[in-house]
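Open the model in your viewer and colour it by chain. The stops below say what to select and what is there.

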Amino acid sequence: MSTAVAAAAAAPAPAVAESYLSHGRGPRSWLLSLDHKRIGVMYLLAIGASLLLGGVFALVLRLNLWRPEGGLVSNDAFNKLFTLHGAVMIFLFVIPGIPAALGNFVLPLQLGAKDLAFPRVNLISFWLYVVGAILFLATLVVGGIDTGWTIYPPYSLESARGLGILFALTALFVVGFSSILTGLNFIATIHRMRPPGMGWFDLPLFLWALYATGLIQVISTPVLGITAAMGFLERIFHLGLFMPEYGGDPVLFQHFFWFYSHPAVYIMILPAMGVVSEVVSVFSRKPIFGYRFIAMSSIAIAVIGFLVWGHHMFVSGQSAAASIVFSGLTFFVAIPSAIKVFNWLATMYRGAIVLATPMVYVLTFFAIFAVGGLTGLFLGALATDVPLHDTYFVVAHFHFVMVGAVMTAFLAGLHYWWPKITGRMYDERLGLWSSALVFVGFHVTFVPQFLAGVAGMPRRYATYAPALVGHNRVSTVGAFVLAAGLCLALFGLLRSLRSGRPAPPNPWGAASLEWAAPSPPPWDNFERTPHAPPGPYDYSGLRHVSDEAGWVRGEVSR
Amino acid sequence: MSAHGPAHAAQGERPPFLAHHFEDMGVQLETTKLGVWLFLASEVLFFGGLFTAYGVYRANHPELFHYAHFFLDWRLGAANTLVLIGSSLSAAWSVRAAQLGRRRGLEVALLVTIALACVFLVVKYLEYSHKLHAGVGWGASCRPSAEILATLPDAARALPVPAQLGTFFAIYYLMTGLHGIHVLVGIALFGWLVARARQGHFGAGYYGPVDAVALYWHLVDMIWIFLFPLFYLM
Amino acid sequence: MIRSLLETSAALLAGAPGFFPARASSVAGEVDRVFGFIFWISLFFLVLIVALTILFVVRYRRRPGREEPELTASHDTRLELLWTGIPLVLVAVMFVWSTRTWLEMTRAAGSDEKPLRVQVTGRRWSWWFDHPGGKGSEELHVVAQRPVELVLSATDVIHSLYVPEFRLKQDAVPGRFTRMTFTPTLAGTYPILCAEYCGTDHSRMLASVVVHPDQRSFDAWAREGLAPDGSLVALGKQVFAKKGCLGCHSLDGSRRVGPSVKGLWGREEKLVDGALVRVDDEYLRESLLKPGAKVVAGFGNLMPPVALDERELQALAAYLQSLGEAP
Amino acid sequence: MNDSPVSAVAAVHAAPHVLSVRALLGTAGVLALLTAATVAAAQVDLGRLNIVLALGIASAKATVVALYFMHLRWGSRFHLVVLGGAVIFAVLLAAFVVFDTTEYQGDIRAKAAAAPGAGAGRP
């Protein structure tokens with residue numbers, strides 16, 4: 001065991017002046033910071049704001065659906081709201097959520113590195129994200145966009161739609177570049193900046209997940225960028241690529257769009273799975289079960305995930321042969337996810353399970369992700385997808401995956417690394433209550449939507465058949481419970497900034513390297529590159545000293 | 001606040017261009033290279049979208065592509081191909097000069113690369129302006145003038161102007177235009193290298209930026225290697 | 001045995017009031033059986049995962065006297081292969097079954113009867129159905145047990161024809177045709193919804209499909225209120241005359257500058273280059289726009305392109321069809 | 001992908017790979033020759049083979065550029081994986097999409113034949 005780790009672990013809570021939070025003052029020292037931790041925190045704030053905004057849109061949508069004939073807002077306003085709800089949530093919250101905010105903060109720390117490989121690129125990536133976010137909101141200034149986040153032409157590129165689409169396409173292009181830069185930064189860092197003694201199979205699984213995510217970001221996002229560019233020019237110059245009016249093919253656009261947007265689902269879920277792998281092991285106090293299978297399943301998901309985009313197009317006019325191939329490949333991608341779930345369960349088996357907030361969120365993740373993944377089978381199967389496509393069944397399915405699974409994993413990770421980020425312990429009681437509320441609210445919101453979908457309610461409907469009023473009202477009530485749960489979580493975290501007790505370097509008894517740094521870490525993370533721990537999930541040397549001092553490596557206490 | 005962390009204030013022997021978060025120049029160089037390669041991978045997919053659009057319209061309208069290629073002068077395309085190959089050579093040469101610490105050679109190689117890139121753009125400009133003056137725009141604005149139609153070979157002149165000629169030229173201008181933007185960016189990057197080379201930044205111990213820009217430039221060359229036959233010869 | 005189990009399971013789901021809509025097409029039952037199959041397998045795994053989670057939390061919760069985990073293996077390749085293999089087999093079954101069912105859905109099943117061919121046009125925010133015999137309507141009319149082939153297109157943006165009771169859905173895409181085939185089984189009236197977002201009144205782009213109990217009832221409807229001159233065939237005849245087709249294409253089978261249109265529909269024509277082509281509306285459309293593309297053997301490439309709008313084209317096709325089809 | 005940072009460091013400390021003048025000029029010469037070859041090949045009408053040949057020669061040129069000018073022959077194996085992976089996924093994208101669009105192209109032609117220039121009339 002290196003003395004560096006030992007020293008870091010044994011050190012008392014560091015003097016406040018040394019932490020990254022107080023190293024440099026004033027707005028410039030934050031806004032232009034090259035420190036991955038500060039950039040991570042800025043991402044966290046921006047992503048939190050996006051979640052809030054997208055959430056408010058969602059609540060208005062749900063309220064409008066209280067009555068079958070709608071009426072709270074006009075149909076046009078409803079259409080603009082669900083478009084921005086989708087765009088903001090997907091491009092500004094779910095996709096960058098875990099990697100750009102938590103990943104940015106944690107990745108170098110888990111490698112014992114001082115920063116990401118390219119700190120300037122990291123800062124550029126953040127500001128591109130901000131510019132993209134502003135561009136999305138700028139659509140509101142020019143009358144909003146009502147195209148749905150999928151922006152299918154010809155609808156989206158009609159002249160009558162106004163100029164909002166040009167802002168939205170530019171935003172996609174810019175946000176896409178932000179995502180590419182994050183991805184390549186992560187890959188280069190994981191490749192080249194591992195500490196001595198840390199081989200590929202000694203990486204924490206969160207890093208494997210981020211690595212696989214980075215591959216998808218680098219390979220698939222450029223196609224979104226060029227598609228946005230083509231759409232932009234098509235809208236202005238009528239190139240004849242996507243608009244049938246000018247000899248273009250709208251289904252071609254759908255191919256391009258889903259070549260990015262399906263892998264994007266894995267950009268969302270893979271980092272979530274990474275968080276779950278960390279948390280489930282730490283709070284079961286047991287090494288992760290089947291490390292290599294979990295690591296390799298991340299890569300498998302990334303690779304196979306590229307070849308299934310056509311399952312979004314089974315009824316779009318895609319050829320039968322292509323549909324069958326895509327359906328078959330889609331079923332394959334289910335397997336690595338199943339492998340992960342069973343390995344997580346096996347990790348808990350005979351462990352010593354601690355029901356702290358991150359773990360409770362992860363336990364709810366299991367149920368939610370299981371439903372989200374399993375309902376994907378109905379949509380990958382051709383026969384059942386035909387009636388279910390573009391209904392609330394699909395809406396419920398992807399909300400289970402993106403909101404349910406990704407957001408609970410995000411909250412798990414946020415609570416798990418909160419002490420490291422802020423140096424404060426959150427209130428455990430509030431955390432547990434919030435996780436319970438989120439779990440209940442989530443299911444009340446989205447389970448009825450499955451039923452509405454099977455009964456034949458298409459998505460993006462401002463009004464609906466009166467027979468489905470029950471489904472929709474229950475769902476609306478659930479949305480508010482879910483919102484309450486999220487507010488409670490936010491309240492608990494913010495309160496801890498003032499009243500939380502100072503966090504020790506290693507409050508959870510985790511073995512990965514980020515816990516060897518003080519909480520919060522100093523500007524440069526580590527004096528010297530620390531040696532790799534015996535294993536990312538080897539808890540044998542760790543001993544609980546006290547709540548104030550947290551856990552320390554056994555040999556230090558001598 | 002890039003390279004003045006308190007932890008390193010005492011370490012006087014750190015090389016001037018070693019960023020604070022790297023252990024040594026070797027790791028820094030290898031990391032830079034990997035970053036550039038990953039960027040190139042995303043560039044491949046960026047152009048890949050356009051190549052796909054090309055493939056789709058070519059596969060479904062082969063006669064359109066055959067007709068349209070008569071509008072392009074293969075001699076100009078071939079000349080530009082040779083110009084870019086030459087610039088790739090000088091870019092590779094600049095890396096060699098930097099590695100060997102030959103400052104003068106480096107500067108000359110970089111300047112030659114810039115000059116050739118400019119030649120490429122001038123040729124491209126001539127091609128574009130000739131077409132645009134003759135009404136051969138993209139998409140809806142593609143209405144070839146009688147004069148340019150008269151210059152087509154007999155076989156093509158006999159045919160009616162295809163309805164989707166504008167789509168072909170949309171793809172042509174998109175692909176060559178995006179490539180041209182990359183050439184412009186390359187010129188800027190090489191200019192930046194020249195400025196740094198003059199200050200004597202590069203040598204055997206530190207040539208990462210030269211290597212990185214050269215890698216980028218070779219990719220730009222590679223893309224053109226595909227664009228040339230696909231547009232000018234088919 | 002397995003089949004009857006699945007029947008029961010699908011019925012179990014269907015038994016829950018309002019779970020599935022009624023089954024009104026020949027494929028609806030099979031689709032629901034596939035649904036039931038995936039549903040029960042999913043439910044099994046969901047219960048398994050949740051039960052294990054709860055069980056482990058209860059039994060292995062860290063508490064006084066249970067501070068440390070028990071030592072267990074950190075990996076087990078046989079176990080991994082097991083939980084890779086079982087899902088793999090299950091999804092393979094799902095894939096095969098659902099794909100076979102889907103292939104049934106994409107061709108009209110049930111009988112050898114000639115399908116009822118209806119031209120469907122989606123536009124903001126209503127549907128238009130041109131039935132054979134020239135009756136156009138905002139309602140789709142079909143006959144129980146008679147196969148139907150819908151040829152869909154759209155005039156403005158993408159729409160999607162969705163009939164929950166048939167378990168079928170197909171996008172109508174501007175600039176091209178898409179097809180949808182089915183055999184309705186249950187007489188009655190069912191809602192048609194638009195499932196592809198198309199703007200302001202997307203959720204109000206509703207129509208109905210009326211499944212007539214028999215052909216007679218359908219014919220009665222098809223004749224009702226149909227002015228002879230308003231029919232599609234009549235319009236087609238007008239177009240044929242108006243565009244001067246008669247100058248080159250005879251109605252009686254005699255040879256003029258171009259082939260006669262008598263008994264032309266569905267005929268296999270030999271082309272100049274030796275290839276064969278069946279005369280259908282695709283060929284008709286191509287021949288009108290690009291007459292030189294596929295010239296029938298023995299004739300010259302003399303015809304000028306003819307510009308027709310969609311309605312005129314449908315009418316022309318209906319008219320040619322009415323002149324008798326090739327055996 | 002098994003190059004640990006340690007070996008990467010070692011590779012660099014063992015002096016960078018410098019291309020010789022002969023290799024530089026030779027590479028450029030081969031590229032010029034292949035350019036002449038592709039121009040020559042296009043003058044002969046080989047039907048569909050023309051495009052196959054052109055793409056083949058272009059791929060050969062790109063490979064030469066990558067291996068020599070871009071030092072791929074001597075650099076990290078992972079760089080090859082990155083470039084190769086990107087090319088494979090780009091080809092998969094193109095292949096799937098071209099395959100599918102040609103499959104349904106008949107439906108577009110049929111419709112295009114119906115109403116040149118204008119949308120279909122509303123009945």
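## Chain B

Select chain B of this predicted model: buried residues make up 50% of its 234 residues. Its secondary structure comes to eight helices and zero strands, so the pattern along the sequence reads α-α-α-α-α-α-α-α. Of the contacts in chain B with a separation of 6 or more, 76% are between residues 24 or more positions apart.

## Chain A

Select chain A next. Chain A has 15 helices and two strands. Its radius of gyration is 23 Å, close to the 24 Å that the globule rule gives for 558 residues, so chain A is as compact as a globular protein of that length. The C-alpha atoms of chain A fill a box of roughly 75 × 45 × 45 Å along the principal axes. Buried residues make up 70% of the 558 residues in chain A. Residues 24 or more positions apart account for 83% of the chain A contacts with a separation of 6 or more.

Now zoom in on the strands of chain A. Strand β1(A), residues 542-546, pairs with strand β2(A), residues 550-553, in the antiparallel sense over four bridges. A hairpin of three residues joins β1(A) to β2(A).

## Where chain A meets chain B

Show α6(A), residues 164-192, together with α1(B), residues 25-60. These two helices pack at an angle of about 140°, with their axes 9 Å apart, and α6(A) passes α1(B) in a right-handed crossing. On the α6(A) side, display A:Ile180, A:Leu184, A:Ile187, A:Ala188, A:His191 and A:Arg192. On the α1(B) side, the contact is made by B:Val27, B:Glu30, B:Thr31, B:Leu34, B:Gly35, B:Leu38, B:Phe39 and B:Ser42. By class, this contact has eight nonpolar, four polar and two charged residues.

## Where chain A meets chain C

Which of the five pairs of chains in contact shares the most contacts? Chains A and C do. Select both sides of that contact: 68 residues come from chain A and 68 residues from chain C. On chain A, the elements that each supply at least two residues are α4 (75-110), α8 (250-282), α9 (291-304), α10 (320-348), α11 (357-380), α12 (382-388) and α14 (428-454). The largest share of that side, 13 residues, comes from α10(A). Colour the side of chain A that touches chain C by class, and there are 47 nonpolar, 15 polar and six charged residues.

With chain C still shown, bring back chain B. Chains B and C do not touch, and their nearest C-alpha atoms are 11 Å apart.

## Where chain A meets chain D

For the last stop, select chains A and D. The contact takes 19 residues from chain A and 17 residues from chain D. On the side of chain A that touches chain D, two or more residues come from each of α6, α7 (205-237), α8 and α10 of chain A. Which of the elements gives the most to this side? α8(A) does, with three residues. By class, the side of chain A that touches chain D has ten nonpolar, six polar and three charged residues.

Methods. Residues are numbered from 1 along each chain as its sequence is written. Chains are lettered from A and ligands numbered from 1 in the order in which they are written. This is a predicted model: local features need pLDDT of at least 70, side-chain atom pairs count only at pLDDT 80 or more; totals for chains, interfaces and linings use all residues. Two strands pair if DSSP finds at least two bridges between them. Axes are lines fitted to C-alpha atoms, for helices over the stretch in contact, and angles run from 0 to 180 degrees between N-to-C directions. A crossing is left-handed if the near helix is turned anticlockwise from the far one by less than a right angle, and right-handed if clockwise. Two residues are in contact if their C-beta atoms, placed from the backbone, lie within 7 Å. Ala, Val, Leu, Ile, Met, Phe, Trp, Tyr, Cys and Pro count as nonpolar, Asp, Glu, Lys and Arg as charged, and the others, Gly among them, as polar. The radius of gyration is taken over C-alpha atoms; the globule rule is 2.2 Å times the number of residues to the power 0.38. A residue is buried if 20 or more other C-beta atoms lie within 10 Å of its own, exposed if 12 or fewer, and partly exposed in between; C-beta atoms are placed from the backbone.
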